[in-house]
Amino acid sequence: MRVRGNDYRVLAPPERWTPSLKVSVVIPAYGGQHELDLVLRALARQTYPAGLTEVIVVDNGSDPPLRLPRERPENTTLASCPRPGRAAARNTGLALATGDVIHWLDSDVLLTPGAVEAHMRWHHRAPYLAVTGYIRFTEAKVPAELPDDLEKAFEPARPHAWIVDLVERTRGLTDNPQRPFSLHVGGATSVSARLVAAAGPMDEDLVLGQDTEMGYRLAQAGAVFVPEPLARAYHLGPTMRMRDKAPVDRVSHAFVADRIPTYRWLRAHPGRAWKVPYVAVVVDGTAGYETVRTTVDAVLAGTVPDVRVVLVGPWDTLDRDRRAPLRDPALDLVLVHGHYQHEPRVRLAVTDAPDPAVPWILRLPAGWAPAEDGLARMLDLAAGEGLGLVNVLLSESPSGLVGARLERASAFARAAIVAGPGEDLDDAVDDVSGVTWVEGESYGFTESPAEPLGRRGALRARVEAQSEAARLGKEVERLRAQSVKWREEAGTWRKSAVELRREVGGLRRQLAAANRTQRSLRTLLAAALKRAWTKKPDDPPL
């Protein structure tokens, strides 16, 4: 069964199934002996088969040292890690784990009896899942003994609010979320051991944010992230982030910004380089000095500063001791090497395999260059539609097609897991993420790119644009003032028109009255004249 994007619903675990996978529960602990005792007792009550469960407790330098309680899972080991830090302790446990699934668990999290089973029912459906349970945070007093009914003992409790919000906003993480790996939290998350091996251990150089950073690398290795509401647990008290969110985020963001390129809001700086770039552009460094420069310089001058160019060539074979450099048969290779050797955004590599943590890889033939915003628009297309591969048609001739490829590393990692023997990897990518073709011309790809503006030219263009924007702003204000004046005048005119209509109406009424008076006078005069003409001599005078 192949999952497209993060829509794990197609896996549909059955209600009845036969457990066969072994799970290793890794618990880093520092102090808190009583809480640890409760955690191990809760694990001893799990419904998942004890013969398929191992528990590894790692004492991270506790004083006095931790011990294992009498009530614990039958296959429980206590290891020691003197190096401080939860990441180091987890890596110690990870090195000892033998299970098909690694279940991270904190030493103050109590699992309900069916929690591990709820995790494992998913792992029996696919070997590339990361399953997170629902943790609730209780303020109840820590009991002396483990209650039979955890819900009755620890409710009311608070949910992991941001996880609940993330799941609800993305329809359970199935609606093409951009960062589903944020669900990977170490309190109660299980991961395929195969994925952990591909992603690598916890980053011990991080002060905070190790769970999220590892979740990102798991995503790059092809993981699908599943929230499982039946895997319930109770955290004894609030987390450090709940108590001090702002300072925790301040410390965490300072480090994870360098390692998680999809956290775009942490990379607002327009020019600096990062440990893990957002996109790597792979170019053949042996194609000739001028040809290579055409591509590399255009990419570096584009609107995506968070980029690394990987120049592939036999750099380890160069001999810098030649006495006649102009007759050197490898002169162009020497020039490319010397030109980009100290450019921080260019890596000289012997193979075309980029850092697996880089989310996007553009494989671009030397001599071709995108428009200034061409790469940015392609990335928007691929990310917005959840595509795993964008094929770019650059040119077509009787000799064949010339093209580029924008690849999503996580989609290719997933495809490599699910692809059958002899299956074309692009076909598997189409199943798990989607593939499309675009015309290179639509994104400004050309073999004759315009000269980059350069910093001074860009600054001059920006100053001119700011000046023009200021001029247009003043013109807008002038037109707004004129518009206000016209509206005021129009209001005056409307008022005058109303008054004029009133005056005209009054004059019309006066005229009508005068006309009526005139008609009455005419009538009386006519009657008088008529009598005068018809008067007889003996009639009395008028």
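How many nonpolar, polar and charged residues does the lining of the largest cavity have? By class, the lining has 7 nonpolar, 2 polar and 2 charged residues. Here Ala, Val, Leu, Ile, Met, Phe, Trp, Tyr, Cys and Pro count as nonpolar, Asp, Glu, Lys and Arg as charged, and the others, Gly among them, as polar.

The model is predicted: local features need pLDDT of at least 70, side-chain atom pairs count only at pLDDT 80 or more, and totals for chains, interfaces and linings use all residues. Residues are numbered from 1 along each chain as its sequence is written, and side-chain values use heavy atoms, without hydrogens and water.

The search of the whole structure finds 1 cavity of 30 Å³ or more. A cavity is a set of points on a 1 Å grid over the protein atoms alone where a 1.4 Å probe fits but cannot get out; lining residues have an atom within 4 Å of a point. The volume of the largest cavity is about 60 Å³, taken as the space filled by probe spheres set on the points, which are joined across faces, edges and corners. Its lining includes Ala-298, Val-299, Glu-372 and Asp-373. Helix H10 (289–300) and helix H12 (374–385) each supply at least two lining residues. Helices are DSSP runs (H or I, at least four residues), and strands likewise (E, at least two), numbered from the N terminus.

Two residues lie elsewhere. Leu-525 is found in helix H15 (residues 454–533). Leu-525 counts as exposed because its relative accessibility is 52%. Gly-133 is found in strand S6 (residues 129–138). Gly-133 is buried, at 5% relative accessible area. Buried means under 20%, exposed over 50%, and partly exposed in between (1.4 Å probe, protein chains only).

Terms used: On a 1 Å grid over the protein atoms alone, a cavity is a set of points where a 1.4 Å probe fits but cannot get out, and a pocket is an open set with protein on both sides within 12 Å along at least five of seven lines; lining residues have an atom within 4 Å of a point.
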